[in-house]
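Look over the sequence and the model before reading on.

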Amino acid sequence: MGVLYIVEGHGGSRRSRDGVARRVVAAAGSAGWTPSIVSLEELGRHVADRAHPVARVVLCGGDGLIHRALPLVVGSDIEVAIVPVGSGNDFVRSFGIDGDEAVRLAASPPSTNRSAAGVDVITVAADRADTVVLAASVLTAGYSGRVTATANRMRFPPGSAKYTAAALREIGRLTPVEARIALTDADGRELEVIEGPLTMFAVGNTGFFGGGMHICPNADATDGQLDVVAVGPIGRLDFMRWLPRVFKGSHLDHAAVTTGRAGRVMIETAEPLWADGEQLHALHGQQVHVVRAQPGALRLLRAT
């Protein structure tokens, strides 16, 4: 069936990543693939080799690995399988991909069974600039961005628990930020405007961020739309009561919350932007950003 390229990320423990990669290698070999564990840099060279097209890539890692792999696979015919081994695993959470099922999908024959379906991705570009960044799950800034920055610096507790710990730590520095979010049509005409100060905001292709927080519970990564959730100024005690509701997706009815949906969003803010648990450094210093849904751009293997 050809070569199955397997890439390991940096999330989770080294032991877990190695163990999962070995399971994929064993299952893929038994299924008739020739499995090969490569780095992202090596994968890039294989993808660029048009004489030997890449059929499938298996990402053994978390949201950060998916984020870094997107430029290599988006808009191509490459099937992407994800075996979650990261700290948050928020992207795959929206598709129910986990454990033994993820390994089985990764090693399955090429998708004559139509299990590889196109899902949307987010494109982020600075206004009047050439830099474009791709994201898989949720773009965010404000309190949620600071939580992600704090969590990324923490070594303990492990896994998604560090996001909860970081969220509690950052409540003490709860400060609204200035932002203007314009939901527009394909031609750039404004449909709705949400203006700061905002405690935080999220633009979701999928529903989850922060290790299981269901921030955009109505997001659908196959509808060509982005869900916007913005939180205005809110007191610390009120925020502490509101925050646990985000895990259940029952937080949208709060008076400080504004929601919207569009295929194109214009964001004006000096705050750093984050997506898939990564800061979008390529857009550092830019204050006006165009965020779009790119429909069906990622061929993701998922359970049927």
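Two residues are in contact when they have heavy atoms within 4.5 Å of each other. By that rule, and leaving out residues up to four places away in sequence, Thr123 touches Val132, Val133, Leu134, Val290, Val291, Arg292 and Gln294. The model is predicted: local features need pLDDT of at least 70, side-chain atom pairs count only at pLDDT 80 or more, and totals for chains, interfaces and linings use all residues. Residues are numbered from 1 along each chain as its sequence is written, and side-chain values use heavy atoms, with hydrogens and water left out.

Where does Thr123 sit? It is found in strand 5, residues 116-126. Strands are DSSP runs of E, at least two residues; helices are runs of H or I, at least four; both are numbered from the N terminus. Thr123 has a relative accessible area of 13%, so it is buried. Buried means under 20%, exposed over 50%, and partly exposed in between, with a 1.4 Å probe and protein chains only.

Now turn to helix 5, residues 99-107. Its buried residues are Ala102, Val103, Leu105, Ala106 and Ala107. What covers them includes strand 1 (3-8), helix 1 (14-31), strand 3 (56-61), strand 4 (79-84) and strand 16 (288-301).

Step back to the chain. It has 8 helices and 16 strands. Buried residues make up 53% of its 304 residues. Of the contacts with a separation of 6 or more, 73% are between residues 24 or more positions apart. The C-alpha atoms fill a box of roughly 55 × 45 × 35 Å along the principal axes.
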